[in-house]
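Good morning, colleagues. I shall take a few minutes to go through one model with you, and I ask that you keep the view open as I speak.

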Amino acid sequence: MESNKKIILFDGVCNLCNNTVQFVIKRDVNDIFRFTPLQSDTAKKLLHERNIDIDDIDSIILIEPNVAYYTKSTAALEIGKELKGYDGVSVILLWLPESFRNIVYDYVAKNRYKWYGKKESCMIPTQELKNKFI
C-alpha cells in the first residue's frame with residue numbers, strides 16, 4: 001500500500017457510493033486517493049487497525065495514513081478539499097458543526113439504497129482504473 005495516498009473506504013454495493021467514487025477519480029488530478037470497498041479484506045484490516053466499528057459507520061471513511069481518519073460528512077468534505085472546484089465549498093461547509101452536517105449526511109446515507117439502488121456485488125474497476133484500488 002502506498003503510504004502517501006489517502007484511502008477512501010466506500011460501500012461497494014451502493015450505487016450512490018460507486019458514482020461518487022467515479023466522480024472523485026475524474027477530479028483527482030493530483031492522484032491523491034486510493035479506494036477500497038468496505039466489504040473488502042483490505043478495508044476490514046484498515047478498520048480493525050483503527051478500532052472503527054463498521055456497524056456504526058456504514059458508508060464513507062477517509063484514512064490519511066499516519067495522520068488521521070475521518071467519517072461521514074467530515075470524510076466527504078475532506079475529500080472535497082482535494083478536488084479542484086470543490087475545495088472552497090468544502091472548507092466553508094467544514095465550519096458548520098459536525099453534528100448538524102451529520103444529520104443531513106445520515107439522512108442521505110439511510111435512504112441511499114432506496115433512492116439510488118444497490119448492486120449484488122462490489123464494482124470491478126476497469127483495467128485503466130485498477131491502480132486506483134487496493
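Which residues in H3 are buried? In this predicted model, they are Lys 72, Ser 73, Thr 74, Ala 75, Leu 77, Glu 78, Ile 79 and Gly 80. Helix H3 is thus mostly covered, with eight of its nine residues buried.

Four strands form an open sheet of mixed pairing, and their order is E2-E1-E3-E4. E2 and E4 are the edge strands, each pairing on one side only. From one strand to the next, the twist averages 20°. H3 lies across E1, E2, E3 and E4, and runs at about 110° to E4.

The pairing of E3 with E4 can be followed in detail. Strand E3, residues 61–64, and strand E4, residues 68–71, run antiparallel and are joined by four bridges. Glu 64 stands opposite Ala 68 in E4. The two strands form a hairpin with three residues between them. In the turn, Asn 66 has a positive phi of about 65°.

I turn next to the other helix that concerns H3, namely H5. Two packed helices are described by the angle between their axes and the distance between the axes. Here, the axes of H3 and H5 come within 7 Å and cross at roughly 95°. H3 is therefore roughly perpendicular to H5. On the H3 side, the residues that meet H5 are Lys 72, Ser 73, Thr 74 and Leu 77. Their counterparts in H5 are Glu 98, Arg 101, Asn 102, Tyr 105 and Asp 106.

Is Ser 73 buried or exposed? Ser 73 is buried, because its relative accessible area is 6%, and buried means under 20%. Leaving aside neighbours within four places in sequence, Ser 73 is in contact with Glu 98, Arg 101, Asn 102 and Tyr 105. With Asn 102 there is also a polar contact from side chain to side chain, at 2.7 Å.

In soluble globular proteins, nonpolar side chains tend to be buried together. The largest nonpolar core in this model has 20 residues. Those with the most contacts inside this core are Ile 8, Val 24, Phe 33, Phe 35, Leu 62, Ile 79 and Phe 133. At least two core residues are supplied by each of E1 (6–10), H1 (15–27), E2 (33–37), H3 (72–80) and H5 (98–116). The largest share, four residues, comes from H1. Beyond its neighbours within four places in sequence, Ile 79 is in contact with Ile 8, Val 24, Phe 33, Ile 60 and Leu 62. There is also a second, separate core of ten residues, which includes Ile 7, Leu 38, Leu 46 and Ile 52.

Finally, a contrast in helix H2, residues 41–49, where His 48 is placed. Is His 48 buried or exposed? His 48 is exposed, because its relative accessible area is 64% and the cut-off for exposed is over 50%. His 48 and Thr 36 are twelve residues apart in sequence, and their C-alpha atoms are 15 Å apart in space.

Notes:
Residues are numbered from 1 along each chain as its sequence is written. This is a predicted model: local features need pLDDT of at least 70, side-chain atom pairs count only at pLDDT 80 or more; totals for chains, interfaces and linings use all residues. Side-chain values use heavy atoms; hydrogens and water are left out. A nonpolar core is a set of buried Ala, Val, Leu, Ile, Met, Phe, Trp, Tyr and Cys residues joined through side-chain atoms within 4.5 Å. Buried means under 20% relative accessible area, exposed over 50%, partly exposed in between (1.4 Å probe, protein chains only). Contact means heavy atoms within 4.5 Å. Two strands pair if DSSP finds at least two bridges between them. A polar contact is a pair of N or O atoms within 3.5 Å; within protein, one must be able to donate a hydrogen and the other to accept it, and residues adjacent in sequence count only if both atoms are side-chain atoms. Axes are lines fitted to C-alpha atoms, for helices over the stretch in contact, and angles run from 0 to 180 degrees between N-to-C directions. Angles under 35 degrees count as roughly parallel, over 145 as roughly antiparallel, 65 to 115 as roughly perpendicular and the rest as oblique.
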